[in-house]
Amino acid sequence: MKRPSASRRQFLGGSLAASAGLAIGSPVPGPWMQALASDAVGGERILVVIQFSGGNDGLNTVIPYSNEEYRKARPKLAIPKNDVLKIDDELGLHPSLAGASKLLERGRFSIVQGVGYASPNRSHFESMDIWHSCRRKEERGTDGWLGRWIGSRASDKQTDSLGLHLGGDQQPLALAARGVQVPSIASVDQFRLKIADEGMSGNAMLSNKSTDTETKSDGDDLLGFLQASTEAAVAASERLEKALKTPDTQSEFPQTDLGEKLRVISRLILAGLSTRVYYITLDGFDTHSQQAVAHAGLLRHWSDALDAFVRRMERAGQADRVLVMTFSEFGRRVQENASEGTDHGAAAPVFFAGCSLPKPVIGELPSLTDLDDGDLKFHTDFRSVYATVVEQWFKDKSKQVLGESYPKINLL
Amino acid sequence: MMQVTRLDEVDPDWAWQPWEPSAQEPWDRKRAALLLRRSGFGATESEIQAALQKSPAASIEQMLQTEGEATEQFEVESADLAASLVAGGEAKSLSIWWLHRMLHHPQQLVEKMTLFWHGHFATGAEKVLDPGLMLDQNKLLRKHAFGDFRAMVHGIAKDPAMLIYLDSVTNRKAHPNENFARELMELFCIGEGNYTEADVQQLARCFTGWEIRRKNFRFNPYQHDSGLKDVLGTEIETGEAAIDTVLSHKKVPYFIVRKLFHFFIGDEPSPTDALLRPLADQFASDGLVLEGMIKKLLGSRLMLSNWSMARKVRSPVEMAIGLMRTMQMTSNLDQLSNRLREVGQALFFPPNVKGWDGGRAWVNSSTLVGRANLIYQLIRDDKTRFANGSFSDWLQSQKLSDPDAFLDWFSTMFLAVPISDSQRMSLRSSQDGKSEDRMFREMICLMAAMPQFQLS
């Protein structure tokens, strides 16, 4: 039986790890199990992914305000020309996006137009899975693109988990990796084992190397998965508690769910966590009816929280190592429906914020008349966007993450 | 006697025959506990003993009986509770009513199947708002729980809560709304990839003018597109005909049977169509009536084989209600319902129209910590009683006051993977010098953090 390493023992509390016969040989994250590094803020680049769930209406986010076809297709939903926050003579941001507009003026916000993929699927779940896994249903595996990147860095000398999902929703497929369990945390306040208050630790319960466990022969077994997940949970709980001990007095984040999540992420970054991918979700974009008010509210939440986050990073001198990417599983149909809403569409913009982003708009708005079954045609494959992130931001090879090579976009 | 090791090697003709006890797979407490926690929400020692006195098929039959004095009396109590919660106006508190049913309803399979359909025809109260409409939908699902699937789909298509949830109420002639039409095929009946986008658009036209007036379904001919539509290669006009057309798709029996396989037998791997065929054939030849197929599935060799042990991650509700039933606990269901929400299963508030994915999706760092904390709070709650008495009285009455006897009993009744020697050592060693009551409570709290506590 292999003994826990010295650093691991130190991390878990010596007596405990020694007495508990901790899960040996389970496929878990070495990273979390290593000793804590210094608390100095490191230099590695960080990606924050914000997922808009439900299908964001790209046309009413980045508005072609001088385009007559837009007004024809959106008799009720078109944003009046005078209300848009103009970017140039053709495009403007939704009036709720004041925060994003300010970032754009400072060269810290960028829009990639016309992103999608061939033969678009208009099911939320299927299309989201395509964005997460980069694969169609027939060849889908159990991992996602960020999970594959995390897996490729598994040998890094890494104090903390490379990825972290903050949210009560289920863990995004994008983060699923083979052999590494990425933690998902609903609320940092409740992320502590209550039995720990009585001097006991969940670690004690991890070992299940029972002699009488029946042999399971169907691939990965659920018990091994639960073992790895429990181990990751206990480690993450202890690490986060330590990282969040010092309060942050400088932050002014909006009192929204997204604001709170980005506030926690800013604190974890500034506490020196070596996590490199943070993943959060904003739900509610499936605006089939009465879209105007709901959509405006969602965009405001996003833009205000994003603005606060980037400003916090700027104040700490960290903005240039943080890239925030926002995407949705599809855009919405060009023509509005009778419920003052829009149905599922195809191509849509992807947004970046944070580090220096010289070009406010990358790529043309797809034609509003040459459509694919009523929807905008894509010209930039989403995997080109990912390839750019992996190669130019993370400075890694993208082929093993995406399966193929894709042309890069002119982002950074 | 065949031992199943890999699902893809199982002979479909063997799998669905009635299970018979054998030397390797006896009809014992462990196996009876498996059947009762999969077909219901777990069982007490006396229920296990009763099940051992008859065949698994007879137990399943009994779980399907919806009549009898005990049931009648329970229904009166349950209806009173529902009425007072609906009057309170909050859909959130309706889950107290359902948890109470799961905990106390004599016919457990009815509640289990209703939970299945709630996840299948997932409708969220955050959009519907009206608890009365959520309750009505729940009754509709319960009424057809193991009855006629066709009648259930027709019912759900006109169910006010569903109409609100999927925006059908604003589905007008000039601009059909595709939300309900898409999910009817993708999530309710056929499965993604078996129809085209054109089918979705045509199907949406069939449901134009399906509205709600004073909380009831109403057909509005002025908003209905009465032209012919081509759905799945068939020319039809009405919404009702459209539902029948969708239900006649050859994938329907497989789609439903596959989901039931995952719900009752195993989260993974996904079975082949070939393996499901005997069940799908029966479902189809029964005219989409569920009962015969469900009985066949639950009483089958595969369901009761060693293979299906530990093949499912417990849902939060299964975990909490299962523990409570096993140990004859009652507690504050309002608190419990809030804590279930925190670990990902708020009844009447599924995460989206796809319902709960189940399996590994239940598990992440937060939910694991949350599950252990949920059990901790349940065990510590002043309102928690054991067979209406104290914990130590209950332990004595069950002759479980010896820690090892208790752990053995708990392992057989509640765990699909036994407690390992080292786990037992940890459980026992942290308990020196504590009072009996505290020692047993802490053992349960610690066990809730074990990986196998999450497996059914």
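This is a predicted model: local features need pLDDT of at least 70, side-chain atom pairs count only at pLDDT 80 or more; totals for chains, interfaces and linings use all residues.
Two residues are said to be in contact if their C-beta atoms, placed from the backbone, lie within 7 Å.

**One residue in a loop**

B:I419 has its place in the loop between α22 (403–414) and α23 (421–429) of chain B. When residues up to four places away in sequence are not counted, B:I419 touches B:L407, B:S411 and B:R424. A residue is called buried if 20 or more other C-beta atoms lie within 10 Å of its own, and B:I419 has 23 of them within that distance, so it is buried. The C-alpha atoms of B:I419 and B:Q452 are separated by 8.2 Å, although the two residues are 33 residues apart along the chain.

**A helix and its buried side**

In helix α17 (residues 291–298) of chain B, the buried residues are B:M293, B:I294, B:L297 and B:L298. Because these residues cover an arc of only 125 degrees around the axis, they are on the same side of α17(B). Among the elements that cover the buried residues of α17(B) are α2 (29–39), α4 (56–64), α15 (252–264) and α16 (273–285) of chain B.

In soluble globular proteins, nonpolar side chains tend to be buried together. Here the largest nonpolar core has 263 residues, and those with the most contacts inside this core are B:V257, B:A320 and B:I375. The element that gives the most to this core is α8(A), with 12 residues. Since domain 1 (166–310) and domain 2 (316–454) of chain B both give residues to the core, it lies between them. Leaving aside neighbours within four places in sequence, B:V257 is in contact with B:L276, B:L279, B:A280, B:F283 and B:M293.

**Chain B as a whole**

Chain B contains 24 helices and six strands. Its radius of gyration is 23 Å, close to the 23 Å that the globule rule gives for 456 residues, so chain B is as compact as a globular protein of that length. Along its principal axes, the C-alpha trace of chain B spans about 80 × 55 × 45 Å. Buried residues make up 52% of the 456 residues in chain B. Among contacts in chain B between residues at least 6 apart in sequence, 72% join residues at least 24 apart.

The domain assignment divides out domain 1 (166–310) and domain 2 (316–454) of chain B, and the C-alpha centres of these two domains lie 37 Å apart. Eight residues of domain 1 of chain B are in contact with six residues of domain 2 of chain B.

**Where the two chains meet**

Between the chains, 53 residues of chain A are in contact with 53 residues of chain B. On the side of chain A that touches chain B, α6 (124–133), β7 (184–185) and α8 (222–243) of chain A each supply at least two residues. The largest share of that side, 11 residues, comes from α8(A).

Technical notes
Residues are numbered from 1 along each chain as its sequence is written. Chains are lettered from A and ligands numbered from 1 in the order in which they are written. Helices (H or I, at least four residues) and strands (E, at least two) are DSSP runs, numbered from the N terminus. The radius of gyration is taken over C-alpha atoms; the globule rule is 2.2 Å times the number of residues to the power 0.38. A residue is buried if 20 or more other C-beta atoms lie within 10 Å of its own, exposed if 12 or fewer, and partly exposed in between; C-beta atoms are placed from the backbone. The arc is that of the directions from the helix axis to the C-beta atoms. A nonpolar core is a set of buried Ala, Val, Leu, Ile, Met, Phe, Trp, Tyr and Cys residues joined through C-beta atoms within 7 Å. Domain bounds come from an automatic or database domain assignment.
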